[in-house]
Amino acid sequence: MASSVLVCNSGFHSLTSLHQRRSFPRSILSHTPASGSRFGCIPHALRSASPRSLHSGLTSVHGRRSLLLPVRASAVTPAAVPAPSPAPAPWQGAALKPLAASIGTGVILWLVPAPAGVSRNAWQLLAIFLATIVGIITQPLPLGAVALMGLGASVLTKTLPFAAAFSAFGDPIPWLIALAFFFARGFIKTGLGNRVAYQFVSLFGSSTLGLGYSLVFSEAFLAPAIPSVSARAGGIFLPLVKALCQACGSNVGDGTENRLGSWLMLTCFQTSVISSSMFLTAMAANPLSANLTYNTIKQTIGWTDWAVAAIVPGLISLIVVPLLLYVIYPPKVKSSPDAPKLAREKLEKMGPMTKNEIIMAGTLLLTVGLWIFGGALNVDAVTSAILGLSILLVTGVVTWKECLAESVAWDTLTWFAALIAMAGYLNKYGLISWFSQTVVKFVGGLGLSWQLSFGILVLLYFYSHYFFASGAAHIGAMFTAFLSVASALGTPPLFGAMVLSFLSNLMGGLTHYGIGSAPVFYGANYVPLSHWWGYGFLVSVVNIIIWLGVGGFWWKTIGLW
């Protein structure tokens with residue numbers, strides 16, 4: 001028997017090639033749409049009709065009965081169901097409530113009369129600046145868009161001329177950060193980052209604590225070369241940590257999170273903020289601290305200055321924090337014999353270093369070397385980075401198309417430059433000096449030494465980070481004012497700037513949103529939110545003791561104060 005085909009079109013059903021058969025096969029007549037057959041579109045009226053009644057409506061084709069049966073669609077289809085109206089297109093603009101909060105903050109402050117001693121221009125710029133900061137915290141739009149709107153408002157209201165508003169786009173610091181993001185792209189793309197991480201694990205990962213330390217120090221080793229802590233966390237270490245957890249039988253959702261994953265995720269996160277504080281190029285906002293330091297006290301924090309001051313307290317924190325968490329939030333698995341094997345298998349699978357990895361490693365060593373010794377050669381940091389990127393572009397390790405696609409770099413360049421410009425002109429307009437004098441009168445009236453006064457300022461600066469979702473926003477809003485106040489109260493200016501710069505990283509460990517690596521590790525869902533915040537506060541106390549206690553003695557030794 002030849003096959004039967006049913007075509008449904010505008011209520012006419014054409015059945016062809018039944019040849020000598022005078023009726024439909026019983027299997028077809030009884031077929032329903034639920035069966036999944038191509039005959040599932042046969043209307044119920046046809047399925048329930050008898051073969052004889054169907055055959056009576058056929059006409060002749062090829063000397064046989066044709067299978068063209070005109071039937072009105074309304075006669076054979078179920079009662080028409082009104083088609084649902086199409087869902088409205090989702091709103092793709094700004095988040096309206098955060099946008100209203102940002103604009104409302106600026107409008108309210110704009111309408112408040114300027115205090116005595118503050119110029120109208122300075123007060124208006126403060127209103128725009130704080131509105132921008134609120135927007136950066138609540139993020140109705142991406143950070144770059146919020147910052148660009150802030151610059152636009154300052155130009156539109158004649159608070160700043162165009163050249164002043166966009167002056168920081170000619171500053172080398174924002175470009176250094178953007179260039180470093182391009183380096184990070186090459187580091188991850190070539191696989192060199194994974195190779196370094198696996199090498200550390202293969203050497204030190206035989207126990208759970210050793211595994212943790214291998215990850216901690218491999219991340220710290222990479223920190224100077226990758227300025228985005230979120231790139232280091234999400235692009236290199238989170239995939240590795242998750243693979244190691246699963247290899248040790250620690251998975252999300254089956255009650256085995258505490259075998260290894262909870263401790264390891266929290267340890268890697270808390271130490272990522274430490275490694276970010278150890279190098280000028282280890283976190284995107286660190287150069288902002290350096291730039292604001294120069295604008296405020298006219299002293300420069302170089303790459304080597306930063307690293308030398310941070311190396312001792314940083315290494316101590318990297319050793320103490322994993323051990324502390326190991327005691328108070330212990331993993332159930334104390335040894336991880338599979339980890340070195342897994343890392344060696346990964347390295348073996350990767351094979352020898354590729355040509356691109358070798359070029360990337362050589363370029364990285366050259367660039368970091370110039371960052372360290374460039375002062376003696378009269379080569380600044382941004383020139384070194386441009387040289388390194390040029391090598392990567394010429395050799396094809398990184399393409400310009402990939403650089404253009406690195407949206408985070410361009411976004412960072414935009415908001416970074418905007419904050420630098422607005423904060424700089426707040427200082428030029430005299431607002432920072434007025435604020436410093438006001439706070440000096442208050443804190444100075446307490447009759448405390450500069451050490452105690454600076455301690456109060458440090459705690460206020462650090463724990464106010466609960467209200468910030470961005471280290472850069474916090475630095476832009478408070479760094480200059482607190483450094484100015486600390487200097488006015490007798491704190492050695494460069495010492496105060498260094499301490500605030502280091503704390504601007506360490507405070508990111510308080511919450512699950514305070515720094516770029518926080519949502520990456522928290523989003524793995526190994527650590528409950530209450531534990532994340534509770535241990536975050538405890539570790540913050542330990543870090544402050546280490547950095548201000550042990551660090552204070554070290555800074556005294558190297559002549560920082």
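This is a predicted model: local features need pLDDT of at least 70, side-chain atom pairs count only at pLDDT 80 or more; totals for chains, interfaces and linings use all residues.

Trainee: What's the angle between α10 and α16, and how far apart are the axes?

Mentor: The angle is about 145 degrees, and the axes lie 8 Å apart. Here α10 covers residues 192-204 and α16 covers residues 338-350.

Trainee: Which residues of α10 meet α16?

Mentor: From α10 you have R195, Y198, Q199, V201 and S202. On the α16 side they meet A339, P340, A343, R344, K346, L347 and M350.

Trainee: And how many residues of each class are in that contact?

Mentor: Seven nonpolar, two polar and three charged residues make up the contact of α10 with α16.

Trainee: Switching to charges: how many salt bridges turn up in the whole structure?

Mentor: Three, when the whole structure is searched. One of them pairs E406 with R185, with 2.8 Å between the closest N and O atoms.

Trainee: Where do E406 and R185 sit in the chain?

Mentor: In distant parts, 221 residues apart. E406 is in the loop between α19 (400-405) and α20 (407-428), while R185 belongs to helix α9 (residues 172-190).

Trainee: Now the surface. Which residues make the nonpolar patch?

Mentor: F442, L446, L448, L452, I456 and L460 make a nonpolar surface patch of about 580 Å².

Trainee: Which helix gives the largest share of the patch?

Mentor: Helix α22, residues 450-463, with three residues. L448, by contrast, is in the loop between α21 (431-444) and α22.

Key: Residues are numbered from 1 along each chain as its sequence is written. Side-chain values use heavy atoms; hydrogens and water are left out. Axes are lines fitted to C-alpha atoms, for helices over the stretch in contact, and angles run from 0 to 180 degrees between N-to-C directions. Helices (H or I, at least four residues) and strands (E, at least two) are DSSP runs, numbered from the N terminus. Contact means heavy atoms within 4.5 Å. Ala, Val, Leu, Ile, Met, Phe, Trp, Tyr, Cys and Pro count as nonpolar, Asp, Glu, Lys and Arg as charged, and the others, Gly among them, as polar. Patches are made of residues with over 30% relative accessible area and no salt bridge: like charges are joined within 9 Å, nonpolar side chains (Val, Leu, Ile, Met, Phe, Trp, Tyr) within 5 Å. Accessible areas come from the Shrake-Rupley method with a 1.4 Å probe; for residues, only the protein chains shown count as cover. A salt bridge is a side-chain nitrogen of Lys or Arg within 4 Å of a carboxyl oxygen of Asp or Glu.
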